[in-house]
Amino acid sequence: MTNGNNYYANGNEVQLFEQAYRQRLPVMLTGPTGCGKTRLVEHMGTLLGRPVVTISCHDDLTSSDLVGRFIVTGGDVTWTDGPLTRAVKAGAICYLDEVVEARHDSLAVLHSLTDHRRTLYLDRAGEVVHAPETFMLVASYNPAYRSSLKELKPSFRQRFVTLPMRYLPPEREAEVIVAEAGIGLPTARRLVRCATAIRTADEAFHFEPPSTRVLVTAALLVAAGASELEAAQACVLAPLSSDGAIAEGLREVAAASLADADNSNPHR
Ligand SMILES: Nc1ncnc2c1ncn2[C@@H]1O[C@H](COP(=O)(O)OP(=O)(O)O)[C@@H](O)[C@H]1O
Ligand SMILES: [Mg+2]
């Protein structure tokens, strides 16, 4: 039912990504969670015929986790490349997901890769790796997510071609949901209307808005027999807020936007 890695473009991002690749420039994708960043990278990997190596960044990620380390096996000490080094050597697209989560000192190893040198210095192994033409560094982060105190340094951000991503326009987002979950267009439209109402609600600054991802998840529940309201409750509303008053207000917003659904007959 789901159709793999179809990507619905939201502007000129596919073209700019490809142009950056041709010029061997690193790309930074910014935007809210679930808006299609990972999907775009997978799509570009397919389009450009390059494998994608994804590294999920977190705060105890060290530069050794990225580039590699000496590992003792039996009596031998051998160097083992980390995922970044493997990606460089393979001429892959290396995708650093949520790069803002990584510590600044871990990211320093990227500097020589993101400028004209396109070189990775493995100081401990005494190795210098020149990136092949096809190697591309892509990173993502969500600038609106302020519950973490972290920010990327402006000097780091300026090393990248930045492609800001946002949710698709409603009709297009509904098409994605139809394609991903195999439900009818009227249901997809109502789910999008529900999300749009919440995204634009006054309380919206309190939380991460409902993403395309949660709409796809809700649609999958509907496809399995849930009513639209049940699915919206479980996938769109419940993850938003633990504050009872806000949740109640949003429930009404959601119910109103789903009003013309026939919730007595969920099987369609
Ligand atoms: N532009 C898009 N084209 C196709 N599917 C999309 C798009 N945006 C979001 N989706 C759907 O939403 C899900 C989450 O998208 P993803 O790329 O993982 O988001 P992000 O990496 O920005 O958090 C995808 O698995 C897909 O089902
Ligand atoms: Mg992602």
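**Figure 1. The shell around ligand 1 in this predicted model.** By class, this shell holds six nonpolar, seven polar and four charged residues. Here Ala, Val, Leu, Ile, Met, Phe, Trp, Tyr, Cys and Pro count as nonpolar, Asp, Glu, Lys and Arg as charged, and the others, Gly among them, as polar. Of the 17 residues around ligand 1, Gly36, Lys37, Thr38, Arg39 and Arg213 come nearest; a residue is near a molecule or strand if its C-beta atom, placed from the backbone, lies within 6 Å of it. Helix H2 (37-48), helix H8 (170-181) and helix H10 (212-223) each supply at least two residues of the shell. Helices (H or I, at least four residues) and strands (E, at least two) are DSSP runs, numbered from the N terminus.

A word on the model and its labels: this is a predicted model, in which local features need pLDDT of at least 70 and side-chain atom pairs count only at pLDDT 80 or more, while totals for chains, interfaces and linings use all residues. Residues are numbered from 1 along each chain as its sequence is written, and chains are lettered from A and ligands numbered from 1 in the order in which they are written.

**Figure 2. Domain 1 and domain 2.** The protein chain is divided into domain 1 (13-164) and domain 2 (170-257), with bounds that come from an automatic or database domain assignment. Taken over C-alpha atoms, the centres of the two domains are separated by 32 Å. Six residues of domain 1 are in contact with six residues of domain 2, where contact means that the C-beta atoms of two residues, placed from the backbone, lie within 7 Å. By class, the side of domain 1 that touches domain 2 has three nonpolar, three polar and no charged residues. Where does ligand 1 lie relative to domain 1 and domain 2? Both domains give residues to the shell around ligand 1, so ligand 1 lies between them.

**Figure 3. Helix H8 against helix H9.** H8 and H9 pack at an angle of about 125°, with their axes 8 Å apart. Axes are lines fitted to C-alpha atoms, for helices over the stretch in contact, and angles run from 0 to 180 degrees between N-to-C directions. That angle makes H8 oblique to H9: under 35 degrees counts as roughly parallel, over 145 as roughly antiparallel, 65 to 115 as roughly perpendicular and the rest as oblique. Pro170, Glu173, Ala174, Ile177 and Val178 of H8 make the contact with Leu185, Ala188, Arg189, Leu191, Val192 and Thr196 of H9. This contact has eight nonpolar, one polar and two charged residues.

**Figure 4. Helix H11 with helix H9.** The axes of H9 (residues 185-199) and H11 (residues 228-237) come within 11 Å and cross at roughly 45°. H9 is therefore oblique to H11. On the H9 side, Thr187, Arg190, Leu191, Cys194 and Ala195 meet Glu228, Ala232 and Val236 of H11. These residues divide into five nonpolar, one polar and two charged.

**Figure 5. Helix H11 with helix H10.** Here the axes come within 9 Å and cross at roughly 140°. Val214, Thr217, Ala218, Leu221 and Val222 in H10 meet Glu228, Ala231, Ala232, Ala234, Cys235 and Val236 in H11. The residues of this contact divide into nine nonpolar, one polar and one charged.
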